[in-house]
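This briefing describes one protein model for a reader who works with computed structures.

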Amino acid sequence: MTHRFELLVFDWDGTLMDSAAAIVRAIQASCRDLGLPEPTDARARHVIGLGLQEALSYAVPELAPHAYPDMVERYRHHYLSADHALELFPGSYELVESLAGSGRLLGVATGKSRKGLDRALAASRLGPFFHATRCADECFSKPHPQMLDELMDTFGVVRERTLMIGDTTHDLDMARNAGVAAVAVGFGAHPRLALERASPLALVDSTAELAAWIEKNA
């Protein structure tokens, strides 16, 4: 069967894994540790998907550059303390497994570090289904198109045959910058209205709805 999209690229946090709330709590707890003003939930959720340095510069503008290592250490401490309890969204495993069996190429483009993604892929048992992945400590942070550009180059897939799937405007902006189509999921980090303004091909409200959209349209 010939599919409209040969390469499907997923974001991780807030798209496949239900981790947005844990990221927000880790950012806020890190600020408390360092005596810094805590960002609101909305401000902290906005940075999910960015590389860690870019995320902290927005979420915690009061943080002096020389204090970044301390903030990163505290963030990793708090996030990892809850890491074992994080779960995939219902249906995520089955969706990825099914897509891998359909002959499509699957990738991940994430704001996580390589170490963090590898740990998440192993814990979720999704690792064997993905053909290639890119992380924020290997590439420019979203919305720069480098992650998608490299994945397309790796497989020799053209832009018109590539689809980005994510839960943030950073994902959708990266897709637009790379010249590829995108589908947004409305159950992750960014509010629905912001995602709608980015004009994705579709905006779905569950993994089951995403699976149905892909089966019919992709």
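Predicted model: local features only at pLDDT ≥ 70, side-chain atom pairs only at ≥ 80, totals over all residues.

Residues are numbered from 1 along each chain as its sequence is written, and side-chain values use heavy atoms, with hydrogens and water left out.

- Helices (H or I, at least four residues) and strands (E, at least two) are DSSP runs, numbered from the N terminus.
- The buried residues of α8 are T169, H170, D171, L172, M174, A175 and A178.
- Among the elements that cover these buried residues are α2 (41–46), β2 (105–109), α7 (146–155), β4 (162–166), β5 (181–185) and α9 (192–197), where contact means heavy atoms within 4.5 Å.
- At the start of α8, a side-chain oxygen of T168 comes to within 3.3 Å of the backbone nitrogen of H170.
- Just after α8, G179 has a positive phi of about 75 degrees.

**Aromatic pairs and charges over rings**

- Rings of Phe, Tyr and Trp (its six-membered ring) pair if their centres lie within 6.5 Å; planes under 30 degrees apart count as stacked, over 60 as edge-to-face and the rest as tilted.
- By this rule there are 4 aromatic pairs.
- One of them is the stacked pair of Y75 and Y79, at 5.9 Å centre to centre with 15 degrees between the planes.
- Both Y75 and Y79 belong to helix α4 (residues 68–83), where they are 4 residues apart, about one turn of the helix.
- Y75 counts as buried at 13% relative accessibility, and Y79 is buried with a relative accessible area of 6%.
- Y93 and F129 form an edge-to-face pair, with 5.6 Å centre to centre and 75 degrees between the planes.
- Y93 lies in helix α5 (residues 92–101) and F129 in the loop between α6 (114–124) and β3 (132–134), so this pair ties together parts that are 36 residues apart in sequence.
- Y93 is buried at 18% relative accessible area, and F129 is buried at 17%.
- A charge sits over a ring if NZ of Lys or CZ of Arg is within 6 Å of the ring centre and within 35 degrees of the ring normal.
- The charged end of R125 sits over the ring of Y93, 4.7 Å from its centre, and that of R43 sits over the ring of Y58, 4.0 Å from its centre.

**Nonpolar cores and domains**

- A nonpolar core is a set of buried Ala, Val, Leu, Ile, Met, Phe, Trp, Tyr and Cys residues joined through side-chain atoms within 4.5 Å.
- The largest such core has 55 residues, and those with the most contacts inside it are F10, W12, L126, F130, L210 and I214.
- Helix α1 (residues 20–34) contributes the most to this core, with 7 residues.
- Domain 1 (7–18 + 87–217) and domain 2 (20–85) both give residues to this core, so it lies between them; the domain bounds come from an automatic or database domain assignment.
- A second, separate core of 23 residues includes C139, A182, A184 and L195.
- The centres of domain 1 and domain 2, taken over C-alpha atoms, are separated by 23 Å.
- The contact between them takes 15 residues from domain 1 and 14 residues from domain 2.

Notes. Buried < 20%, exposed > 50% of the residue type's maximum accessible area, 1.4 Å probe, protein only. Polar contact = N/O pair within 3.5 Å; in protein donor to acceptor, adjacent residues only side chain to side chain.
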